[in-house]
Amino acid sequence: MTVLYRPRPSIVRRDSGLYGYERALARRGLSPIAGVDEAGRGACAGPLVVAAVVLRSELDGLADSKALSPARREELHDRILGSARSVKVVVIPPDEIDARGLHKCNIAGMRRAVAGLQCDLGYVLIDGFPVPGLPAPSLAVWKGDQVSACVAAASIVAKVTRDRMMTSLNDLYPQYGFAEHKGYVTAAHRRALAAHGPSPHHRFSFVTVNSVARSGAGTAMGENEMGAGVA
């Protein structure tokens with residue numbers, strides 16, 4: 001009778017530190033390990049940004065991007081890009097989110113980010129929910145950006161990339177305050193939407209934006225666009 005060898009499963013305790021998953025997988029020969037996360041899922045304006053990161057070595061100071069100050073995120077973002085084995089960022093614009101749906105775009109973005117990494121993978125750790133069709137075995141980790149170093153790195157890269165984009169968008173559409181709320185629904189953002197209507201960078205499939213659009217508020221133009229056709 002043929003006996004199939006099956007490796008013993010690894011148990012990773014939630015208190016084993018940010019590198020617990022990576023160390024357990026490496027002991028099983030399942031490396032390199034990619035972490036995948038997104039930024040902007042809950043925003044009603046701006047793109048969805050997905051990042052995949054393969055760390056080359058342990059990096060001090062990593063943490064969930066939401067727990068870090070903006071200055072600390074910026075610092076870690078640059079350190080990650082300077083030291084990681086591979087990084088891939090995918091940007092999905094609002095019109096694609098409206099056309100395909102947020103979750104489908106999220107799944108597709110994660111697949112594209114992993115496929116764009118410049119190394120063969122042994123394993124993929126994903127924040128939150130499973131993603132089928134990846135080129136390596138994978139695991140969806142609840143609050144992965146809090147318990148996995150490579151997912152935390154991906155969350156930092158995705159958030160800093162998106163925050164920079166929203167700050168740049170603020171120069172074109174200062175009336176919305178994108179530099180402050182980054183496209184998320186706040187009281188100030190709701191007031192700006194009511195006063196100016198949605199911009200082309202809002203997600204019209206989101207209730208907050210759609211209700212304003214249906215009320216008859218016009219679509220706002222940015223300052224540069226307003227002057228583009230003026231002699």
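**Contacts, cores and charges in a predicted model**

Trainee: In the protein chain, what share of the contacts with a separation of 6 or more comes from residues 24 or more positions apart?
Mentor: This is a predicted model, so bear that in mind throughout. Take the contacts in the protein chain with a separation of 6 or more. Residues 24 or more positions apart account for a share of 62%.

Trainee: How many helices and strands does the protein chain have, and what part of its residues counts as buried?
Mentor: The secondary structure comes to ten helices and five strands. The chain has 231 residues, and the part of them that counts as buried is 48%.

Trainee: Which element gives the most to the largest nonpolar core?
Mentor: This core has 37 residues, and Leu121 and Val124 touch the most other members. Elements giving it two or more residues include β1, β4 and α6. With six residues, the top contributor is α4.

Trainee: How many residues are in the other core, the one with Leu18 and Val151?
Mentor: That core lies apart from the largest one. Ala51 and Ala153 are also among its members. Its residue count is 30.

Trainee: How far apart in space are Leu62 and Val151?
Mentor: In sequence they are 89 residues apart. In space, C-alpha to C-alpha, the distance is 9.8 Å.

Trainee: Which side chain of opposite charge is nearest to Asp127?
Mentor: Asp127 is in strand β4. Asp127 is buried yet has no salt bridge. Its side chain does reach the backbone nitrogen of Asp145 at 3.4 Å. At 5.9 Å, the nearest side chain of opposite charge belongs to Lys66.

Trainee: Which residues are linked with Lys66 in a network of salt bridges?
Mentor: The structure holds ten salt bridges. In one network, Lys66 is linked with Asp64 and Asp145.

Trainee: Which helix holds both Glu75 and Arg72?
Mentor: Their side chains meet in a salt bridge at 2.9 Å, N to O. Glu75 is partly exposed at 38%, and Arg72 is partly exposed at 27%. They are three residues apart, so about one helical turn separates them in helix α2.

Trainee: How many residues apart in sequence are the parts that Glu74 and Arg164 tie together?
Mentor: The side chains of Glu74 and Arg164 meet in a salt bridge at 2.5 Å, N to O. Glu74 lies in helix α2 and Arg164 in helix α6, so the pair ties together parts whose separation in residues is 90.

Trainee: Are Asp163 and Lys159 buried or exposed?
Mentor: The two side chains meet in a salt bridge at 3.4 Å, N to O. Both residues lie in helix α6, four residues apart, about one turn of the helix. Asp163 has 12% relative accessibility, and Lys159 has 17%. The cut-off is under 20%, so both count as buried.

Note on methods
Residues numbered from 1 in each chain as written. Predicted model: local features only at pLDDT ≥ 70, side-chain atom pairs only at ≥ 80, totals over all residues. Heavy atoms only, no water. Core = buried A, V, L, I, M, F, W, Y, C linked by side-chain atoms within 4.5 Å. Buried < 20%, exposed > 50% of the residue type's maximum accessible area, 1.4 Å probe, protein only. Lys, Arg positive; Asp, Glu negative; His and termini not counted. Salt bridge = Lys/Arg side-chain N within 4 Å of Asp/Glu carboxyl O. Polar contact = N/O pair within 3.5 Å; in protein donor to acceptor, adjacent residues only side chain to side chain. Contact = heavy atoms within 4.5 Å.
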